[in-house]
Amino acid sequence: MSAEELDAALEATRLQAKERFGDKSAMEETERNVRRARQDVAEMSDEERKLWGGGSFGGNGNSDPYEPAGGLVTETEYWDKWQQAYRFLGGYIDCTNSWGGGSGDSGNNNGDDDGACSRWMMWAAYIDPNYAGGGYDEYFGDDAEGTLDCHSPDTNWKLIGVYRQEFYQYIEQISKHLWAIDEYEYIVALAGLEYMTDDECFGVGYDEQGSQLYADVQPLEGGAYQMGLYSDARCIELNTRTSYTYDDFAEGSDLDLGSKDATDDDAFHATAYTYWQETQEYTLTNLNTVYNDYKFCTSCVDYPTYQDGYFIGDDGTDDDDLINQCWKFYSHDSFNCDSDCIAMGAEQGTITWINYNGKSFGTLIDGQFSGSHDGTKLTASGIVASSSDGGQRIERLKANLFLTFAGIVFVATFLAFAVARGSSKKSRKSRSSRSRRLLDDDYGGGRSSRSA
């Protein structure tokens, strides 16, 4: 919010207070709050406002976090749940909006008001305007004609809007409804969430010089993330001097898949424990790999649908049991994220490419130009591998470049060899002629006369 906007807000508040209450003390308190806000704005540099927020009220250019975004698909129109899809763009840091701001739902910043900068996950929702009413089979059947490619710049899917949700809660919401309790992805999700914690910018210890270290989620390029160590209580200044990592302070936890995990299968527990322990490290590599699929176009319908590792209903596929994941996101502390909000994530360099109202933000990632995404798979050795048409295209390009380079090298080598060989023949011919002349002189003439 600019100083001019604050002045206007103050004057409006004065008039409202006078008309409604005539309460002088309340008006004075409001004036003090506005003066403090003006001071904060004045002390924040232009670069900080652009990078971390503070440019407009609510970070969205309006006071209502649920006001429909302009210029996009009309949100009041009915869309079949099967023609809806989503993808996440990546995490970003916002010093203007704290968790739960503008919402009466969960996310209370742990009761602390210490000025910590919140971590948000940015995600986008889409509809398929060419949906023909085929439901599940239109996108997943043997002869599926629909394509989940809303991540591609060439897609025909239409953007409904872009939203921000508290980072931890976004990861948690996916874990609750998409996997069975004995699946690798479910175990990794719970282990990662447990290690990450839902705390916001918390002190963990001291660096080698005795300075306080703080920890929080560190959004990375391409929508990735890890646990970072910071020098300040807002968690925006990475401590690049210390040799410590989050692992040096965080305690790994024991396997905990929830109260419903009552199995006596020792082999399963041993395998699950291994997955759990391997996930709990500061780079969160396993968690990133499992969630990589959701950077790409994903059906809003969780099919089959789970609740904390178990089917809803008999097999999680009855129409009444299916959960619309996009609605889950939106109903759990998701707020509209307009161009200013998206620009903040793009400026921090942590979100993937998106076109919003004709403007491009973020960075293209491998596979984003592909019309399909093969997804992440667990191999027999327990290693997670991911592939995509885009990745295969890159590999083919690399192979073609190698072959071209090899061809150039071969031609150059051949030419060099030919020149060298020609030079060698001339040299041998010259030496041979000189030898014959010397021999001829020694014998007083040519060989022909000697042999005669």
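The following conversation concerns a predicted protein model.

User: What kind of model is this, and how are residues numbered?

Analyst: The model is predicted, so local features need pLDDT of at least 70 and side-chain atom pairs count only at pLDDT 80 or more, while totals for chains, interfaces and linings use all residues. Residues are numbered from 1 along each chain as its sequence is written, and side-chain values use heavy atoms, with hydrogens and water left out.

User: How many helices and strands does the protein have?

Analyst: The protein has twelve helices and 16 strands. Both are DSSP runs numbered from the N terminus, with at least four residues (H or I) for a helix and at least two (E) for a strand.

User: How much of the protein is buried?

Analyst: Of its 452 residues, 42% count as buried. Buried means under 20% relative accessible area, exposed means over 50%, and partly exposed lies in between (1.4 Å probe, protein chains only).

User: How many disulfides are there?

Analyst: A search of the whole structure finds five disulfides. A disulfide is a pair of cysteine sulfur atoms within 2.5 Å. With the bonded cysteines numbered in sequence order, the pairing is 1-2, 3-6, 4-5, 7-8, 9-10.

User: Which residue does Cys95 pair with?

Analyst: Cys95 is joined to Cys117, with an S to S distance of 2.0 Å. Cys117 is buried, with a relative accessible area of 0%.

User: And where are Cys150 and Cys297?

Analyst: Cys150 is in the loop between helix H4 (136-140) and strand S3 (158-166), whereas Cys297 is in the loop between helix H8 (285-291) and strand S7 (298-299). The two are 147 residues apart, and a disulfide joins them at an S to S distance of 2.2 Å. Cys150 is buried at 2% relative accessibility, and Cys297 is buried at 10%.

User: Is the disulfide of Cys300 and Cys326 right-handed or left-handed?

Analyst: That disulfide is left-handed, because the torsion about its S-S bond is about -65°. The sulfur atoms of Cys300 and Cys326 are 1.9 Å apart. Cys300 is in the loop between S7 and strand S8 (301-302), and Cys326 is in helix H9 (residues 325-331). Both Cys300 and Cys326 are buried.

User: Changing topic, which residues touch the most other members of the largest nonpolar core?

Analyst: They are Tyr86, Trp123, Tyr170, Ile174, Trp179 and Tyr291, in a core of 48 residues. Helix H6 (residues 184-196) gives the largest share of this core, ten residues. A nonpolar core is a set of buried Ala, Val, Leu, Ile, Met, Phe, Trp, Tyr and Cys residues joined through side-chain atoms within 4.5 Å. A second, separate core of 27 residues includes Tyr131, Tyr139, Cys297 and Ile351.

User: What does Ser175 touch?

Analyst: Leaving out residues up to four places away in sequence, Ser175 touches Tyr186, Ala189, Leu190, Leu193 and Tyr291. A contact means heavy atoms within 4.5 Å. Ser175 lies in helix H5 (residues 167-177) and is buried at 2% relative accessibility.

User: How does Trp179 compare?

Analyst: With residues up to four places away again left out, Trp179 touches several residues, including Tyr186, Ala189 and Tyr291.
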